[in-house]
Amino acid sequence: MRFRSLIAFTFAAALPAASALADVSGKDIYAKTCSVCHATGIASAPRYGHAGDWSPRLAGGSARLYANALKGTAKGMPPKGGNPAYSDAEIKAAVDHMLAAVKDAAKPATPPKPAAKDAEPKAAAPVAAAPAATPAPAAAPVATVATADALPAGDVNAFNRLLKPVGRRNPPPPEDGIHDPGNDGTHALLPPLTAYAGLPKSFAGNRVNWVEAIGTKKINPRWDRADPAAEPVVMDLNIVREVKGSMPDVVYPHKQHTEWLDCSNCHPAIFIPQKGANAISMASILLGEKCGVCHGKVAFPVSECRLCHSKKKDLARPAQTAAGAAK
Amino acid sequence: MKLAGALFAAVIMALVAVPAAAEYADVVLNKRSEKEGVRPVVFPHWFHRIRFQCRVCHHELGFKMRVGANDVTMNEISEGKFCGACHNGDIAWGADRCDLCHSGKPGLPTGIFGGHETGGPGRW
C-alpha cells in the first residue's frame, strides 16, 4: 500500500514514470519544460490545473493557444517554451496535456475547482491509492478530479495541504520511486538519511549544507580520483552583480565553487571570465542556464534566494526611495 | 519587493507543489540499458559528492554536465572509463556488481530526479 501511494506520489511529482499512455509525450514535455513556469505560475503564466487561469484564454479558441505556445508572446511565454528542439506537434501535445487538466474550465460548477487544486496532495492520500488496478498515470490529474467527490470533507482542510512532511523527505532507496524494490541490490544501497546524520542541515535540496560540511571538514571529498591527499586550488574572489529593483545584489563567491569545481567547469562554456561580461537573469537560471546549470539540479536550489542575493542594497538612492515610498 | 515576493512565493510553491520522493540530484541513465535488457542505472550524486568533488567526474573523467550527454557503454566501463574509472575493484567495488548500479525501475527515462527546480538537458 505504502508503495503504491508512493508511485502515485511520484507521479504527482510530474516524473514521467513508467507509463505508455497516449498523452505521454505531451506529458513528458510538460514535466520537463513547461512546468518550470506553468506549475506555479511564474511570471503569471497560466497555472496547470487551474481552470480560472485558463478560461479567459480558452475563449480565443485552442488554435490561438497553439500559435502562442509555438511563437511565444510578449508577456513572457518563450517560443516553444524556450526549447526550439521540440517539433510543432510536440508543443501542441504539451498544450493538449495542459488543457486536459482544465477540461472543466468552461463549466463553473463548484466541485471540480477545489478538486483540481487538490489533485496533487490527494495523490498521496489513501483514497487516491485505493482504485486498485495500476493507477493510469497519464490520466491522473483528471482521474483525481473524478474521484475527489468521494474524499472526506475533512481532508480538504488538512492543516498542511502541500508541505511535505519530514518523514517523506530523503526516503531510503527501495521507497524513493525510482529504484526497483524487486532488485536485490536496491536493498544494499545506503539510505540518504543515514549518510546525512552527522552533516550540517539546510532547508532545501538534499537538506544538507554542503558548503558548511566541507568547510568544517565533516566531509572531505577527494580533489583527485585516486590521491586522497591532493589539495584543491581554491580561489577567493567575490563578484558582485548588481540587481535592478529591490532584490539584494548577488554575490558570486569563487571560494565556495572552487572547493568543488574546476575553473573549466564554468569557464568559458558557461561564463566568460570577465566581470559583467555575462548576461544573467532569473529567467535563464530557471531555464537551467548560467547558475541554473548546477543550482536547482545538484547544488542548492533556486528557492534559497538569500544565499545568492546576499548583499543588502543601499536603499538611499533616489529612485529606490520613490519606489519604496509607493509601497 | 512585491514582484520579488511573488517570485519567491512561486518558487517556494514549486518546491512543495512538485514533491518528489527520489533524492535530490539522483540521475537515471537509460539510453541503452533497457534496450539491452537490463534495468536502468541510478546514479546518486549525493553519495558520490560526499567522497569526490564535482571536478573529479566533470573535469578529470570528462562526464559532461548534462544529463544524457554522455554515451556510456559497459565496454568502456570495463576499460576503466566513466564509472569504470573508480568501479574497478580498486577505488570502489567492481563492475561485476550489476544490481547495485542497474537498480532503477523499468520504464524510467534518462533524466535528473528528486525535485529539480531548473530546466533540463538541452536547455542551455
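A charge sits over a ring if NZ of Lys or CZ of Arg is within 6 Å of the ring centre and within 35 degrees of the ring normal. With that in hand, here are some close-ups of this predicted model.

**View 1. Charges over ring faces.** In chain B, B:Arg51 lies over the face of B:Phe47, 3.8 Å from the ring centre. In chain A, A:Lys92 sits over the face of A:Tyr66, at 5.7 Å from the ring centre.

**View 2. An aromatic cluster with residues from chains A and B.** Here A:Tyr196, A:Trp210, A:Trp260, B:Trp46 and B:Phe47 form one cluster. The rings of B:Trp46 and B:Phe47 have planes at 85 degrees and centres 5.9 Å apart, so this pair is edge-to-face. B:Trp46 counts as buried, at 5% relative accessibility, whereas B:Phe47 is partly exposed, at 25%.

View 3. B:Phe63 is in the loop between α3 and α4 and B:Phe82 in the loop between α4 and α5, so the pair ties together parts 19 residues apart in sequence.

**View 4. The largest nonpolar core.** This core has 17 residues, and A:Cys34, A:Trp54, A:Ile91, A:Val95 and A:Met98 touch the most other members. α5(A) gives the most to it, with 5 residues.

**View 5. A buried lysine.** A:Lys80 is found in the loop between α4 and α5 of chain A and counts as buried, at 17% relative accessibility. Its side chain makes a polar contact with that of A:Asp88, at 3.0 Å. Among the other residues A:Lys80 touches are A:Leu70, A:Tyr86 and A:Ile91.

Notes. Residues numbered from 1 in each chain as written. Chains lettered and ligands numbered in written order. Predicted model: local features only at pLDDT ≥ 70, side-chain atom pairs only at ≥ 80, totals over all residues. Heavy atoms only, no water. Core = buried A, V, L, I, M, F, W, Y, C linked by side-chain atoms within 4.5 Å. Buried < 20%, exposed > 50% of the residue type's maximum accessible area, 1.4 Å probe, protein only. Helix = DSSP H or I, 4+ residues; strand = E, 2+ residues; numbered from the N terminus. Polar contact = N/O pair within 3.5 Å; in protein donor to acceptor, adjacent residues only side chain to side chain. Contact = heavy atoms within 4.5 Å. Phe/Tyr/Trp six-rings, centres within 6.5 Å; stacked < 30°, edge-to-face > 60°. Lists of a residue's contacts leave out its neighbours within four places in sequence.
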